[in-house]
Amino acid sequence: MGFGDLKSPAGLQVLNDYLADKSYIEGYVPSQADVAVFEAVSGPPPADLYHALRWYNHIKSYEKEKASLPGVKKALGKYGPANVEDTTGSGATDSKDDDDIDLFGSDDEEESEEAKRLREERLAQYESKKAKKPALVAKSSILLDVKPWDDETDMAKLEECVRSIQADGLVWGSSKLVPVGYGIKKLQIQCVVEDDKVGTDMLEEQITAFEDYVQSMDVAAFNKI
């Protein structure tokens, strides 16, 4: 299992294809699996890799609370398509950089005044960071059903209108069209919201404002994260 080399265009393409019908690396909520893969990616995927970029931006929003996400982080080779092998670098360079920062000094060498000052500054920074515990942000995963007027409604344009709604604390996820009968399909789209910033009433008001395309909006599923 794996994604190939996640620092290469080919590896990012494998990740993009894998996420075409998934919101997360495993399961239905962010987990340590997402953290492991996110940390292996060197930066935001290019815009043409839409699924990978959408996932990257979503997981990035959990940066301050990633340590509290559920699950146990495993090796990259434990995630991804079964027919692809992980070849992403082991991160030896990062480890070397960490080793170069000697927080506690060395007992084998006489410590200069400058080295002592730097060590004390780094210890102070370390303790300061350790003391700061970021407040948990309450979030919810919402699955919305957006219904058109009839079978002649341009569903691609309808989805474009929905995704055009932007707000602080709102991240759009995966979507699909679901048949409802008589040739009509509804848009089923997932989003993650910060509870104190975005509510379903606001979403309904803004989505139904596209009255040329949208007949109604319903909440199909609502789960606290």
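1. Let's start on one helix of this predicted model. E121 and R117 sit four residues apart in helix α5 (residues 113-131), so about one helical turn separates them. These two residues form a salt bridge, and their closest N and O atoms are 2.5 Å apart. If the idea of such a pair is new to you, here is the background: side chains of opposite charge can pair when their charged atoms come close.

2. How exposed are the two partners? E121 is partly exposed, with a relative accessible area of 36%. R117 is also partly exposed, at 38%.

3. Now try a pair from two loops. K197 forms a salt bridge with D168, with the closest N and O atoms 3.0 Å apart. K197 lies in the loop between β3 (184-194) and α7 (200-208), while D168 lies in the loop between α6 (155-163) and β2 (170-181), so this pair ties together parts that are 29 residues apart in sequence. Have a look at both loops in the 3D view.

4. Is D168 buried or exposed? D168 is exposed, with a relative accessible area of 58%.

5. K197 has another partner to find. The side chains of K197 and E194 meet in a salt bridge as well, at 3.3 Å from N to O. E194 counts as buried because its relative accessibility is 17%, and buried means under 20%.

6. Which residues are linked in a network of salt bridges? They are E39, K66 and K73.

7. Where is Y28 placed? Y28 is in the loop between α1 (9-18) and α2 (32-40). Y28 counts as exposed because its relative accessibility is 75%, and exposed means over 50%.

Terms used: Residues are numbered from 1 along each chain as its sequence is written. This is a predicted model: local features need pLDDT of at least 70, side-chain atom pairs count only at pLDDT 80 or more; totals for chains, interfaces and linings use all residues. Side-chain values use heavy atoms; hydrogens and water are left out. Buried means under 20% relative accessible area, exposed over 50%, partly exposed in between (1.4 Å probe, protein chains only). A salt bridge is a side-chain nitrogen of Lys or Arg within 4 Å of a carboxyl oxygen of Asp or Glu.
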